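Open the model in your viewer and keep the selection tool ready. The stops below go from strands to helices to the ligand.

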Amino acid sequence: MRLTKIKFFDLFYRAYHAWPHVYNGVTQLISIGQWEKWQDRVFEDINGKNILEVGVGPGKLLLRIAKKGYRVTGIELRRGMAYEARRRVKEAGFDIDILNQSIYHLPFKDEVFDCIVLTFILSEIVHLEKAIIELKRVLKPGGKVIIIAGGMPQDRNLIARFIFKIVESHTTLRLERNNKAYFEDYGFKVTREDFGPFNLVNKIIAIK
Ligand SMILES: C[S@@+](CC[C@H](N)C(=O)[O-])C[C@H]1O[C@@H](n2cnc3c(N)ncnc32)[C@H](O)[C@@H]1O
């Protein structure tokens, strides 16, 4: 690989995923301590009993979902993160399945979950159509995909455009993709709300 082809933000992104403790520090830093508050926006919309979280990372939200009494299952691609999430839930006295799998191949029967939660994972999903087909398959009719994600706000405000102009050439993350439109194309009824500093965080609710 030529040096000019290396995406420096991607290198940083991969590195911080490798160490859960570094990950926790970085997420606190980039969110000015708001990360967990932003994740918790999912609770405004969760209903039903059977919940799936995809891309659980170190498992903090997963544990909070379980503590609220939901039956929750976790999916995580990276072994180190899955290990850390398992350690966390076990230490808290919970028995939760955290499967080292990908969003593209969910090891479940059709129509088993009331809600599927994804926080800060969508920009990493390259083949979004493929992921949506899997999410739709395992979701019950009327079930919801609840997403919290960072990305270009709908108002395309000046600060956001400035930040993305700098970031976009240094990353392969899908930060400018219109995720809402993808879910609509697959027959979901979708709402989107932007929030956080300069509207850089968004919540998408996609109902099957
Ligand atoms: C930025 S982290 C977010 C973790 C956690 N949801 C949070 O809010 O802190 C993105 C997570 O998604 C996971 N991930 C990325 N691609 C994935 C895939 N195809 N299937 C499952 N998990 C994936 C990564 O390993 C990482 O732990």
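Select residues 113-119 and 139-150: these are strands β4 and β5, which run parallel and are joined by six bridges. Strands (E, at least two residues) and helices (H or I, at least four) are DSSP runs, numbered from the N terminus. Within this pair, Cys115 has Lys144 of β5 as its bridge partner.

This is a predicted model, in which local features need pLDDT of at least 70 and side-chain atom pairs count only at pLDDT 80 or more, while totals for chains, interfaces and linings use all residues. Residues are numbered from 1 along each chain as its sequence is written.

Now show the whole open sheet: its seven strands follow the order β3-β2-β1-β4-β5-β7-β6, with mixed pairing (two strands pair if DSSP finds at least two bridges between them). At the edges are β3 (98-99) and β6 (189-195), each with a single partner strand, so one side of each has no neighbour in the sheet.

Next, select α4 (residues 60-67) and α5 (residues 79-91), which pack at about 35 degrees with axes 9 Å apart. Axes are lines fitted to C-alpha atoms, for helices over the stretch in contact, and angles run from 0 to 180 degrees between N-to-C directions. Here Leu62, Leu63 and Ala66 of α4 meet Ala85, Arg88 and Val89 of α5 (contact: C-beta atoms, placed from the backbone, within 7 Å).

Last, go to the ligand. Which of the 19 residues around the ligand come nearest? They are Gly55, Gly57, Leu77, Arg78 and Thr119 (near: C-beta atom, placed from the backbone, within 6 Å).

Terms used. Contact = placed C-beta atoms within 7 Å.
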